[in-house]
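Hi everyone, thanks for making time this morning. I'd like to walk you through one model, so let me bring it up on the screen.

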Amino acid sequence: MPQLRDLAPVGAEYARTGPNHNTLRRSIPASTDELFSCLQDGQATREWQGLDVEWTSRSPLGVGSTRTLTGLGQTIEQSVLAWEPGKRVCLRNDRTTLPLAAFAEDYIITPKTESTCELHWHYAFEWGGRVKPVLGRLFGLAFAIGGRRDLNKLVRLLDVATEPG
């Protein structure tokens with residue numbers, strides 16, 4: 001099992017301004033509150049991202065809360081940097097088994113109608129392993145492809161969850 005390593009303690013702005021930053025956008029067939037609930041729910045995260053989530057902080061969740069993600073042979077410990085119910089959750093990777101130097105992601109939710117919204121998933125990372133420029137680019141490409149796939153799963157999950165009946 002790979003060892004957990006500490007990452008740089010970046011702030012919330014890093015997800016939009018850090019090296020290798022990107023934004024994935026997706027229209028979501030759910031209200032802002034329904035999407036926000038899904039983003040904090042461990043079972044839902046398993047369904048749309050394929051990761052097990054354990055919140056390691058007591059409720060209520062908010063800025064400073066922590067969680068551990070496991071899956072695909074990796075472990076990630078995260079802290080919440082921003083928490084605005086129905087609007088935003090920003091997370092920083094504090095420790096991980098991945099060869100990263102820094103990583104943050106910021107989920108911004110914008111209402112479109114009462115029953116639809118748009119998700120902007122901002123993220124940035126700095127590769128910390130060997131062959132930094134090459135593997136860093138490959139990680140970024142793989143994360144973007146996987147992120148688009150995950151957002152499609154999230155849409156399907158919420159579309160089913162919000163169907164009448």
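Let me start with a question: does Arg46 count as buried, partly exposed or exposed? At 36% relative accessibility, Arg46 counts as partly exposed. Before I go further, please keep in mind that this is a predicted model.

Now let's look at helix H3, which runs over residues 42–49. Which of its residues are buried? They are Gly42, Ala44, Thr45, Trp48 and Gln49. Looking down the axis of H3, you find these buried residues within an arc of 155°, so they line one face of the helix.

At its start, a side-chain oxygen of Asp41 comes to within 3.2 Å of the backbone nitrogen of Gln43. Just after the helix, Gly50 adopts a positive phi of about 70°.

Helix H2, residues 32–40, can be read in a similar way. Its buried residues are Thr32, Leu35, Phe36, Cys38 and Leu39. Around the axis they cover an arc of only 160°, which puts them on the same side of H2.

Back to charges. How many salt bridges does a search of the whole structure find? The search finds seven. Besides the one I showed you, Glu84 and Arg88 pair through their side chains at 3.7 Å, N to O. Glu84 is partly exposed, at 35% relative accessibility. Asp94 and Arg92 form another salt bridge, at 2.7 Å from N to O. Here Arg92 counts as buried, at 16% relative accessibility. There is also a network, in which salt bridges with shared partners join Asp6, Glu77 and Arg95.

Asp94 has a further contact. Its side chain is joined to that of Ser79 by a polar contact of 2.2 Å. Ser79 sits in strand E5 and is buried, with a relative accessible area of 11%.

While we are on E5, Ala82 is found in that strand as well. Ala82 is buried, at 8% relative accessible area. How far apart are Ala82 and Glu13 in sequence and in space? They are 69 residues apart in sequence and 10 Å apart in space, taken from C-alpha to C-alpha.

Last stop: the largest pocket. It holds about 520 Å³ of space. Its lining is made up of 24 residues, and those nearest the centre are Leu51, Leu72, Ile76, Leu98 and Phe143. Strand E4 (66–71), strand E5 (74–84), strand E7 (100–111) and helix H4 (132–161) each contribute at least two lining residues. Which element gives the most? That is H4, with seven residues. Sorted by class, the lining has 12 nonpolar, nine polar and three charged residues.

Notes: Residues are numbered from 1 along each chain as its sequence is written. This is a predicted model: local features need pLDDT of at least 70, side-chain atom pairs count only at pLDDT 80 or more; totals for chains, interfaces and linings use all residues. Side-chain values use heavy atoms; hydrogens and water are left out. Buried means under 20% relative accessible area, exposed over 50%, partly exposed in between (1.4 Å probe, protein chains only). Helices (H or I, at least four residues) and strands (E, at least two) are DSSP runs, numbered from the N terminus. The arc is that of the directions from the helix axis to the C-beta atoms. A polar contact is a pair of N or O atoms within 3.5 Å; within protein, one must be able to donate a hydrogen and the other to accept it, and residues adjacent in sequence count only if both atoms are side-chain atoms. A salt bridge is a side-chain nitrogen of Lys or Arg within 4 Å of a carboxyl oxygen of Asp or Glu. On a 1 Å grid over the protein atoms alone, a cavity is a set of points where a 1.4 Å probe fits but cannot get out, and a pocket is an open set with protein on both sides within 12 Å along at least five of seven lines; lining residues have an atom within 4 Å of a point. Grid points are joined across faces, edges and corners, and a volume is the space filled by probe spheres set on the points. Ala, Val, Leu, Ile, Met, Phe, Trp, Tyr, Cys and Pro count as nonpolar, Asp, Glu, Lys and Arg as charged, and the others, Gly among them, as polar.
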